[in-house]
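Try each task before you read its solution.

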Amino acid sequence: MRLILSSTFQYEAYYSLYMNILQHCIDSGTVLPGFLVHNHVITNGFDLNVHLNTKIIIFYAQLGRILDARKVFDRMLERSVVSWTAMISGYTRNGCYGNALVVFREMRRAGIMANQFGYGSILRACTGLRCLERGMQIQGCVQKSRFFDNLFVKSALIDFHSKCGRMEDAYDLFQTMSKRDLVSWNAIIGGYAVQGYPEDSYLVFRSMMRLGQKPDSFTFGSLLSALSGDSCLMKVSQVHGLIIQLGFGSHNTLGGSLINAYAKCGRIESSHQLYKSMKEKDTISCTALIAGYAREGNHNRDALGLFIEMTRWGMVIDEVVLCSILNICANIASLNLGRQIHTLAFKHQPCYDVAIGNALIDMYAKSGEIEEANRVFNEMELKNIISWTSLIAGYGKHGYGQKAIALYKKMECEGLKPNDVTFLSLLFACSHTGLTVEGWECFNNMVGKYAILPRAEHLSCLVDIFARAGWLEEAYHMICKMNIKPNASLWGSVLGACSIYGNTFLGEVAAKHLFDMDPENSVNYVVLSSIYAAGGAWDNARLTRNLIKMKTLKKKPGRSFLHSTKSNIVLLQPS
């Protein structure tokens with residue numbers, strides 16, 4: 001009897017010790033003691049204990065060793081709802097959303113009903129996959145259970161609907177909550193921010209503050225990500241003041257968010273001053289400022305200087321920084337600098353990230369190296385619609401209209417659906433290479449096959465295609481029939497074509513519209529005067545020229561961008 005009591009006490013002591021050590025490893029991220037405990041559990045015959053195995057699964061999942069967690073799970077002869085939940089949660093935390101759905105389905109087949117944490121985790125997996133159909137099925141299970149009004153589950157449902165673009169459903173769920181915590185508020189604020197509703201995001205934030213709920217750094221980060229444009233500048237300033245007032249001013253993450261928000265509101269100088277005032281500058285703040293410089297377009301030297309500082313400080317260079325710098329290289333057509341960034345990108349990521357690959361295609365295409373752009377495209381393991389569209393646009397700018405059409409057809413064969421930007425690039429390529437029939441076919445495919453509503457830019461390109469081909473009457477009739485108000489670019493295409501083909505009547509019509517839309521642009525007067533002169537109407541030509549003098553208009557001088565071949569920026573210094 002004493003031996004039995006002794007062995008029972010020893011078992012409970014070891015069990016308690018193992019559980020405490022594993023919990024400490026989970027909380028602190030310590031690795032080695034957890035491995036030792038797992039070894040002891042196996043050698044001392046504790047490997048059949050459900051609670052210990054569950055704790056080991058959580059330990060491995062926390063470390064990111066999800067395969068080891070799965071091995072422990074598969075060896076379990078008995079599993080509790082907590083064991084299943086630990087495996088589902090582990091997969092979700094490590095981004096293996098599909099695996100989480102498979103385990104959840106197996107749990108249901110085994111007759112185990114999920115708890116609130118299981119439902120919360122599987123809903124987050126559906127959110128990660130943006131899988132609306134599966135998420136709705138799980139919501140049905142939740143509604144039949146006793147966890148529908150659970151705060152944790154309701155917040156996960158709000159996050160799921162908002163991230164899947166169903167903001168009305170998300171808000172309806174939010175309104176049904178009798179009690180709300182910070183996670184719930186963050187879910188609805190973040191949802192409006194992600195879906196591009198800055199005003200709604202700000203209004204919900206104000207409601208939260210009025211009800212006495214204190215925000216955290218995630219609240220401010222989501223809100224700031226939504227605010228952009230001149231109209232939001234006052235709101236950004238108010239949020240900035242609140243961040244300082246509530247003691248979040250020292251958070252570097254929020255510093256980066258504020259830098260980014262000011263830059264998106266067109267106040268890059270405020271972003272720069274904020275960056276300078278930061279005691280500790282990290283990758284987030286540097287990345288935010290470089291992205292702001294790249295977006296502004298007039299601070300290329302500042303962006304490059306900051307990037308050089310980042311490399312000298314040994315900061316982590318992520319894909320956001322590389323894409324921003326590549327965008328600058330593309331805009332200034334700096335091939336030398338772009339190739340250095342390409343080398344740096346390859347050093348950090350031997351396999352191209354999709355965003356970096358797209359930026360490289362754009363940079364090489366704008367720098368005159370279309371074959372290099374094509375090589376980058378072919379080397380990309382994963383491509384998205386932006387990858388294909390970037391190369392199509394590159395071919396169009398280099399005068400390879402047929403190659404642009406061929407690439408578009410290949411993209412269709414691969415099952416990718418073109419978007420409005422793809423068709424705009426195709427129409428541009430056709431207009432600049434004389435592919436009138438192909439351009440008309442692309443336009444018909446856009447409207448008929450893909451049901452994409454044409455914008456003014458598409459119609460302008462189509463009119464330009466007709467005008468360049470000499471189909472001036474067809475171009476004019478299209479302008480008269482379309483339900484979008486013609487812009488200056490569109491009438492400019494017609495006026496330019498009238499100058500080429502000597503159509504005085506349509507030239508006058510186009511010029512009249514242009515004089516109303518853009519009266520300060522002297523080029524329109526000069527082109528109309530040239531049309532009159534070519535047709536022998538010298539009096540009209542002289543009168544049009546006199547209008548330029550009467551309105552004291554001046555033609556903007558042409559400019560060329562020269563890049564020195566002697567002074568190059570060197571980013572990668574030899575070590």
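**Exercise 1. A covered helix**

Which residues in H19 are buried? Work on the predicted model shown here, and check the length of the helix as well.

Solution. Begin with the length. Helix H19 covers residues 319–332, and its 14 residues at 1.5 Å a residue should span 20 Å; the end C-alpha atoms are 20 Å apart, so expectation and model agree. Next, go through the residues with the cut-off for buried in mind, which is under 20% relative accessible area. The buried ones are Val321, Leu322, Cys323, Ser324, Ile325, Leu326, Ile328, Cys329, Ala330 and Ile332. That makes 10 of the 14 residues, so H19 is mostly covered. Finally, step just past the end of the helix: Ala333 takes a positive phi of about 55 degrees there.

**Exercise 2. A helix with a buried face**

Find the buried residues of H6 and work out how they are arranged around its axis.

Solution. Step one is the length again. Helix H6 has 13 residues (97–109), which at 1.5 Å each should span 18 Å; its end C-alpha atoms lie 19 Å apart, which agrees. Step two is to pick out the buried residues: Ala100, Leu101, Val103, Phe104 and Met107. Step three is to look down the axis of H6, where these buried residues fall within an arc of 165 degrees and so line one face of the helix. Step four is to ask what the buried residues of H6 pack against: helix H4 (66–75), helix H5 (81–93), helix H7 (116–129) and helix H8 (132–144). After H6 comes Gly111, with a positive phi near 85 degrees.

**Exercise 3. Two helix pairs**

Describe how H6 packs with H7, then do the like for H27 and H28.

Solution. Two packed helices are described by the angle between their axes and the distance between the axes. For H6 and H7, the angle is about 140 degrees and the axes are 9 Å apart. Angles over 145 degrees count as roughly antiparallel, so H6 and H7 are classed as oblique to each other. Their crossing is left-handed. The contact involves Tyr97, Gly98, Ala100, Leu101, Phe104 and Arg108 on H6, and Tyr119, Ile122, Arg124, Ala125, Cys126, Gly128 and Leu129 on H7.

Now take helix H27 (residues 456–468) and helix H28 (residues 472–481), whose axes come within 7 Å and cross at roughly 160 degrees. H27 and H28 are therefore roughly antiparallel to each other. H27 passes H28 in a left-handed crossing. On the H27 side the contact is made by Leu462, Val463, Phe466 and Ala467, and on the H28 side by Leu472, Glu474, Ala475, Met478 and Ile479.

**Exercise 4. Two serines and a proline**

Locate Ser425, Ser493 and Pro198, then list their contacts, leaving aside neighbours within four places in sequence.

Solution. Ser425 sits in helix H25 (residues 420–433) and is buried, at 11% relative accessible area. Its contacts are Thr389, Ile392 and Ala393.

Ser493 belongs to helix H29 (residues 488–501) and is buried too, with a relative accessible area of 15%. Ser493 is in contact with Ser460, Asp464 and Ala467.

Pro198 lies in helix H12 (residues 198–210) and counts as partly exposed, at 26% relative accessibility. Its contacts are Ala226 and Leu227. Leu227 is 29 residues from Pro198 along the chain, yet their C-alpha atoms are separated by 5.6 Å.

**Exercise 5. Positive phi in loops**

Where is Arg130, and where is Ala451? Decide for each whether the residue is buried, partly exposed or exposed.

Solution. Most residues other than glycine have a negative phi. Arg130 is not a glycine but has a positive phi of about 55 degrees. Arg130 is in the loop between H7 and H8, and its relative accessible area of 45% makes it partly exposed. Ala451 also has a positive phi of about 55 degrees without being a glycine. Ala451 is found in the loop between helix H26 (436–449) and H27, and at 64% relative accessibility it counts as exposed.

Key:
Residues are numbered from 1 along each chain as its sequence is written. This is a predicted model: local features need pLDDT of at least 70, side-chain atom pairs count only at pLDDT 80 or more; totals for chains, interfaces and linings use all residues. Side-chain values use heavy atoms; hydrogens and water are left out. Helices (H or I, at least four residues) and strands (E, at least two) are DSSP runs, numbered from the N terminus. The expected span of a helix is 1.5 Å times one less than its number of residues. Buried means under 20% relative accessible area, exposed over 50%, partly exposed in between (1.4 Å probe, protein chains only). The arc is that of the directions from the helix axis to the C-beta atoms. Contact means heavy atoms within 4.5 Å. Axes are lines fitted to C-alpha atoms, for helices over the stretch in contact, and angles run from 0 to 180 degrees between N-to-C directions. Angles under 35 degrees count as roughly parallel, over 145 as roughly antiparallel, 65 to 115 as roughly perpendicular and the rest as oblique. A crossing is left-handed if the near helix is turned anticlockwise from the far one by less than a right angle, and right-handed if clockwise.
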